[in-house]
Amino acid sequence: MPQKEKDDRDEPCESADLLEKEKASKPVGKAETLHNSTVTPSSNHSPPQSRSKLCLLIPAIVVVAFICTMESATLKDRFVVLKQWPNIPSVVPAIRQNNGYLMVSCNGGLNQMRTGICDMVAIARFLNVTLIFPELDNTSYWHDQSTFEDIFDTDYFIGSLADEIRILKELPSEEKRRLESQPLTSMEPILFPNMSYYYNTILPQIQKHKVLHFLKADARIANNGPPEEFQKTRCRACYEALRFTPHIEEVGRKIVRRLKQKGPFLVIHLRYEMDMLSFTGCTLGLSHDEIVEVMTLRKSYPWWKSIADPRKKRKAGLCPLMPDEIALGLQALGIDRNIQIYIASGEIYGGEARIAKLAEAFPNMVRKETLLDSSDLSQFQNHSNAMAALDYIVAVESDIFVPTFGGNMAYAVEGHRRYLGFRRTITVDRKLLVSLIDQYKIGKRSWSEFCFIMKAAHAGNRMGKPKERLKIPDQPFKEDYFYSNPLECLAHSPTSPLS
């Protein structure tokens, strides 16, 4: 980088630390109220014997009224009124019958599978079917052979959802025997359907075959449109029931404790990994040999679509930010250079040399490999899902979270942080940032202009504050992802009655 650039950036951007700036505006948690009924005598002229009986009855009536009130509140959680879609039962009781069994093979990385599992929980509940433990993807790029029980706390998962859905670790023996004489019916549900598809198409299949196997779980329900109670079931599954094994949680919390002991910390989800560069075809900044290696990997996945010119993709903001690009972006936003930076990612393509400028800009940079003892880390080697789980725990608990590219972990962490009280998440405008960097490097923008434009562009909806979820009915792929902004579950969302 030219000396001029470095000298310009020695002058700090005129802004308080983003971490300190918003402490006072942090929203409070969810509030709950309980309304109790009271009973009063209707007459003061009863005979003494009647009045004495009445005196004995009043406490009993009050107790019965209180119990009825509590039962009514409980039943509200167990019976769901669906009003928004045609051809759907008006009342759907939880666990009143068993229409069959749903088996699921998840696809993708940890967070892609995680959100898919939560969708399957909601679908199983509303179809009154029994969910069998989902099978994790062992064939993806990472070739992780972990099972559901290796990653998630299975007993907690079953118990915490027991009032809504029946979940079994495996099919009952009679169903296994029946499948020995007839083939298992498997299918891929369509992408982003509403629930009428499941009631009109999927439920009859389950009732007919008793067991149905979904080959994929990601994006198999609409982002927008499902009834509020359905959306809340997705949230309950994702943010309360589906937690990691006690051991993974323990190691993740150990990382968080060691970071917090030294003060605030920021997590960068740095998606500058070989598989992501290959998937996107973003090869700018790579050497000739690296480009050959990345594109060779891409050719081994023929279902990945053809790619556009890498320069055009970068200009459109469709490439993962390079480490030096996110360094300039954070500096322009006024992030304190002394804050701890935790890098949440797999192996950075290009190694230490590729993140040298980021490390120079923010010298307190750490990773799980530098924070954990070798004995802690060794048991997670070659288990990408468990490694990703550690990063997920740390990212959710960070003071600031910064994803450098869209994707399942970025969306999942952003949504989880919203659910926990709109914790600070900076969703960088990649298109704007790379444009400003290019202008700054050729002298078209001064450093102060760079800072001013970046702060102005990110002051509103790019800081994790409440906002409406984008809805594009005819293009669900372009909508805001439900799990990045689970609006119906947020106490202080723009549409919430608690706002």
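Colleague: Is cysteine 319 buried or exposed, going by its relative accessibility?
Modeller: Keep in mind that this is a predicted model. The cut-off for buried is under 20% relative accessible area. Cysteine 319 comes in at 9% relative accessibility, so the call is buried.

Colleague: Which cysteine does a disulfide join to cysteine 319?
Modeller: To count as a disulfide, the two sulfur atoms have to lie within 2.5 Å. Here the S to S distance is 2.0 Å, and the partner is cysteine 282.

Colleague: How many residues apart are cysteine 282 and cysteine 319?
Modeller: The pair links distant parts of the chain. Cysteine 282 sits in the loop between helix H11 (274–280) and helix H12 (288–299), while cysteine 319 is in the loop between helix H13 (310–315) and helix H14 (323–332). That puts them 37 residues apart.

Colleague: And is the disulfide of cysteine 282 and cysteine 319 right-handed or left-handed?
Modeller: Cysteine 282 is buried too, with a relative accessible area of 5%. For the hand, look at the torsion about the S-S bond: it is about -85°, so the disulfide is left-handed.

Colleague: What about the disulfide of cysteine 235 and cysteine 489, right-handed or left-handed?
Modeller: The sulfur atoms of cysteine 235 and cysteine 489 are 2.0 Å apart. The torsion about their S-S bond is about 85°, so this disulfide is right-handed.

Colleague: Cysteine 238 is in no disulfide; how far away is the nearest cysteine sulfur?
Modeller: Cysteine 238 counts as buried, at 2% relative accessibility. A disulfide would need the sulfur atoms within 2.5 Å. The nearest cysteine sulfur belongs to cysteine 118, and the distance is 3.9 Å.

Colleague: Which cysteine has the nearest sulfur to cysteine 106?
Modeller: Cysteine 106 is another buried one, at 5% relative accessibility. It is in no disulfide, and the nearest cysteine sulfur is 9.8 Å away, on cysteine 118.

Colleague: On to the sheet: which are the edge strands?
Modeller: The open sheet has 4 strands with parallel pairing, in the order S10-S9-S8-S11. An edge strand pairs on one side only, and that picks out strand S10 (365–366) and strand S11 (400–403).

Colleague: Which residue in S10 is the bridge partner of isoleucine 341?
Modeller: Strand S9 (residues 340–344) runs parallel to S10, and 2 bridges join them. The S10 partner of isoleucine 341 is methionine 365.

Colleague: Which strands does helix H19 lie across?
Modeller: Helix H10 (residues 246–260) packs on the sheet, touching strand S8 (265–269), S9 and S10, and its direction makes about 160° with that of S9. Helix H19 (residues 408–419) runs at about 155° to S11, and the strands it lies across are S8, S9 and S11.

Colleague: How many contacts does the model have for residues 493–499 beyond four places in sequence?
Modeller: The protein averages a pLDDT of 83, with 79% of the residues scoring at least 70. Where pLDDT is low, the predicted coordinates should not be read in detail. Over residues 493–499 the pLDDT stays under 50, and the contact count there is 18.

Methods: Residues numbered from 1 in each chain as written. Predicted model: local features only at pLDDT ≥ 70, side-chain atom pairs only at ≥ 80, totals over all residues. Heavy atoms only, no water. Buried < 20%, exposed > 50% of the residue type's maximum accessible area, 1.4 Å probe, protein only. Pairing = 2+ DSSP bridges. Contact = heavy atoms within 4.5 Å. Axes fitted to C-alpha atoms, helices over the stretch in contact; angles between N-to-C directions. pLDDT = per-residue confidence, 0-100.
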